[in-house]
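Look at the structure below before reading on. The notes that follow go through it topic by topic.

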Amino acid sequence: MINNKGKTLFEVLIFVIAFVVVASVILILILKGIENENFRTLKTSITNLATSNTLYQMEISDNSTVSLKELIDEKIVKEVTNPFKRKEACDIYESRVALNGEDTTATLKCGEYLITMGSNDKKAIVYKVGKWQDEKTENAETKIGYNYIVEGNLQLKEYYEDYMFLYLFNKEHGTFYETIEEIPTEYNVVNHISYRSKEKMKEI
């Protein structure tokens, strides 16, 4: 659900679309072991475009996280194809755009690869990640996920990070809660900690 204040939606969408294009190219280049000057020039051009000031009627909050699922539900973008497995889509729940004042950071997860890039960054960072699990391993990444219980049953198919949980909960109930603490206790919100491996592959 998109709010009506702060950074313009069009600015964010330009960055999202540009980032998706760049991320897909980066992943393919890594797979093939290719990195050339033409690609670096392309990435610079798109980053400049993403950070340009563009006016548009719709706006969203300066400090929020918008998931790829939300953008798809709002019919703003379409699913992103996993460049490694053409019949699969990239993760719509973990792929997201986070706004923090003047900075915008996009994350795209496709299969076992996760790539992040900020609107003020010169390079994108590529990670290889494992699956979320209950057992903690050395140097593991930690996630606190949320779900809620009604009549003894979990209502969501898995535990989601706070921004995603709030979006799914609000969409289901027609509410506009901005924090988990605002949700009435009758919904019995519960959390779960999980872990996964996360190995930095390279910066491009």
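The model is predicted. Strand 6, at residues 141-150, comes up in several of the topics.

**The sheet and the helix across it**

- Three strands make up an open sheet, and their order is 7-6-8. The pairing in this sheet is antiparallel.
- Strand 7 (153-154) and strand 8 (189-196) are the edge strands; each has a single partner strand, so one side of each has no neighbour in the sheet.
- Eight bridges join strand 6 and strand 8, which pair in the antiparallel sense.
- Thr 142 has Tyr 195, a residue of strand 8, opposite it.
- Helix 4, made of residues 162-173, lies across strand 6 and strand 8. The helix runs at about 20° to strand 6.
- Val 150 also belongs to strand 6. Val 150 counts as partly exposed because its relative accessibility is 32%, and the limits for that class are 20% and 50%.
- Between the C-alpha atoms of Val 150 and Val 189 there are 9.4 Å, while along the chain the two residues are 39 residues apart.

- Is Asn 147 buried or exposed? Asn 147 counts as buried, because its relative accessibility is 0%.
- The side chain of Asn 147 comes to 3.0 Å from the backbone oxygen of Leu 156.
- With neighbours within four places in sequence left aside, the contacts of Asn 147 include Leu 154, Glu 158, Tyr 159 and Phe 165. Asn 188, Val 189 and Val 190 are also among them.

**Aromatic rings**

- A pair of aromatic rings is described by two values, the distance of the centres and the angle of the planes.
- How many aromatic pairs does the structure hold? There are eight aromatic pairs.
- One of the pairs is Tyr 148 with Tyr 187, with 6.1 Å from centre to centre and 80° between the planes, which is edge-to-face.
- This pair links distant parts of the chain, since Tyr 148 is in strand 6 and Tyr 187 is in the loop between helix 4 and strand 8, 39 residues apart.
- Tyr 148 is buried, because its relative accessible area is 3%.
- Phe 169 and Tyr 187 form another edge-to-face pair, with 5.0 Å between the centres and 90° between the planes.
- Here too distant parts of the chain are linked: Phe 169 is in helix 4, and Tyr 187, 18 residues apart from it, is in the loop between helix 4 and strand 8.
- Phe 169 has 0% relative accessibility, so Phe 169 counts as buried.
- One aromatic cluster is formed by Tyr 146, Tyr 148, Phe 165, Phe 169, Tyr 177 and Tyr 187.

**The disulfide**

- The structure has one disulfide. Cys 90 and Cys 110 form it, and their sulfur atoms are 1.9 Å apart.
- The two cysteines are 20 residues apart and link distant parts of the chain. Cys 90 is in the loop between helix 3 (68-73) and strand 2 (96-100), and Cys 110 is in strand 3, at residues 103-110.
- The link of Cys 90 and Cys 110 is right-handed, with 90° about the S-S bond.
- Cys 90 is buried, because its relative accessible area is 3%. Cys 110 has 1% relative accessibility, so Cys 110 counts as buried.

Methods:
Residues are numbered from 1 along each chain as its sequence is written. This is a predicted model: local features need pLDDT of at least 70, side-chain atom pairs count only at pLDDT 80 or more; totals for chains, interfaces and linings use all residues. Side-chain values use heavy atoms; hydrogens and water are left out. Helices (H or I, at least four residues) and strands (E, at least two) are DSSP runs, numbered from the N terminus. Buried means under 20% relative accessible area, exposed over 50%, partly exposed in between (1.4 Å probe, protein chains only). A polar contact is a pair of N or O atoms within 3.5 Å; within protein, one must be able to donate a hydrogen and the other to accept it, and residues adjacent in sequence count only if both atoms are side-chain atoms. Contact means heavy atoms within 4.5 Å. A disulfide is a pair of cysteine sulfur atoms within 2.5 Å. Two strands pair if DSSP finds at least two bridges between them. Axes are lines fitted to C-alpha atoms, for helices over the stretch in contact, and angles run from 0 to 180 degrees between N-to-C directions. Rings of Phe, Tyr and Trp (its six-membered ring) pair if their centres lie within 6.5 Å; planes under 30 degrees apart count as stacked, over 60 as edge-to-face and the rest as tilted.
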